[in-house]
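Dear colleague,

I am handing over the structure we spoke about, and my notes on it come after it. Please read them with the structure open.

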Amino acid sequence: MSFDSIENDFADNLSDDVSGRPVSEVLVEMAEILRQAQSVLIATHVGPDGDAIGSSVGLALGLKSLGKEARIFSGSSVDGRFEGIIADGSVETVDEEGASRLAGQFDLCVLLDTSEPARAGVLEGVIFAPGQKRICIDHHLLSGEYSFDSHLAVESSPATACLVLWLLDELEVAVEDDIARALWLALATDTGWFRFSNAGRLAFQCAERLLEGGLDPEELYSLIYGSRSGQKTRLWGRVLLEHQLSLDGRLVWSVISREILAETGAVREDLDGAIDILKGVKGAHAAALLSQLDDGSFKVSLRSVESIDVERVARELGGGGHAKAAGYSATGTAQEILDTLKDVLSTQLDT
Ligand SMILES: [Mn+2]
């Protein structure tokens with residue numbers, strides 16, 4: 001089965017956003033580089049999400065099926081929710097010192113789901129070592145210079161996983177079983193289980209391909225979203241219970257103090273995802289979740305419900321992110337932080 005024989009009408013029409021070359025041409029080039037490598041190191045961004053992990057595992061399994069050595073390294077541990085989907089030990093965790101020992105040990109390094117050297121964390125020095133052959137596959141655009149032997153940057157791809165899927169097609173790897181499950185994890189989480197604005201025809205076309213590989217979406221959904229602990233459930237309950245509205249109902253916010261966290265018995269990571277429920281309050285244009293850290297300061301997460309660009313708000317307050325999801329750190333009382341946030345946000349709401 002070759003790339004050309006598959007109904008990839010999107011891949012045929014898409015171009016790399018940086019070089020302008022057709023995606024199909026870049027895939028041929030990348031497949032050749034991969035064929036020539038025997039040992040491959042795969043890395044992704046710090047704080048790896050479902051797309052980062054799923055794309056890495058899918059590619060590693062595909063390369064192994066071709067008889068190659070493929071190992072995934074990360075400076076951070078893998079989200080426990082992905083455990084039932086990817087095999088134990090799929091991702092090897094390394095610290096700065098462990099990573100330094102990997103330099104020069106692989107024929108090729110592949111960076112996935114980010115193009116930014118600094119986002120590779122402890123693996124940056126390995127991937128970008130002088131003379132190291134490296135390629136990159138991503139659906140975010142880098143503002144600086146690309147320094148890869150080959151790169152694929154397609155912003156309209158809903159997930160890095162779709163680009164990996166096409167690369168595996170080009171390498172004539174059968175995308176089924178564990179490979180399909182890993183890529184589904186990537187695609188489904190990056191599209192909010194096909195709810196976000198990036199869940200267009202391309203996402204569904206990739207999903208169809210992965211379904212053909214034999215997987216059970218309901219089972220995978222339960223593994224990722226249906227395994228909430230009692231403590232986490234209580235914590236999410238408090239996020240909703242404590243919620244308040246400001247700016248004529250256009251901002252919904254909630255504060256989780258150290259005391260509330262302790263009462264629920266949950267850990268701070270259990271808050272991940274809670275803001276997406278909070279933002280569902282009718283009439284809200286933006287949501288803010290303040291969570292207090294051990295030192296008393298706050299982490300503020302922002303979500304846009306309508307057309308508000310929360311990245312602009314976060315940037316003004318010293319943070320960053322995307323138009324729909326952003327955040328920043330702040331000191332002071334929760335009330336002071338909220339007052340400042342409301343000031344900045346109200347100028348956005350009025351324009
Ligand atoms: Mn992604």
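The notes below cover the metal site, the domains and the cysteines.

This is a predicted model, in which local features need pLDDT of at least 70 and side-chain atom pairs count only at pLDDT 80 or more, while totals for chains, interfaces and linings use all residues. Residues are numbered from 1 along each chain as its sequence is written, and side-chain values use heavy atoms, with hydrogens and water left out.

The manganese ion has as its protein donors Asp51 (OD), Asp113 (OD), His139 (NE2) and Asp190 (OD), at 2.2 to 2.4 Å; donors are N, O and S atoms within 2.8 Å of the metal (3.2 Å for Na, K and Ca), and because water is not among the atoms, sites may look incomplete. Along the sequence, the spacing of these donor residues is D-x61-D-x25-H-x50-D. Asp51 in helix α3 (residues 50–65) and Asp190 in helix α7 (residues 177–190) are 139 residues apart, so this pair links distant parts of the chain; helices are DSSP runs of H or I with at least four residues, numbered from the N terminus. Asp51 is buried, at 0% relative accessible area, and Asp190 is buried as well, at 16%, where buried means under 20% (1.4 Å probe, protein chains only).

The domain assignment, whose bounds come from an automatic or database source, gives domain 1 (3–225) and domain 2 (230–350), and their C-alpha centres lie 31 Å apart.

There are zero disulfides, a disulfide being a pair of cysteine sulfur atoms within 2.5 Å. The sulfur of Cys109 has its closest cysteine sulfur in Cys136, 12 Å away and too far for a bond. Cys109 is buried, with 0% relative accessible area, and Cys206 is buried with 2%.

Best regards

Definitions and conventions:
Helices (H or I, at least four residues) and strands (E, at least two) are DSSP runs, numbered from the N terminus. Buried means under 20% relative accessible area, exposed over 50%, partly exposed in between (1.4 Å probe, protein chains only).
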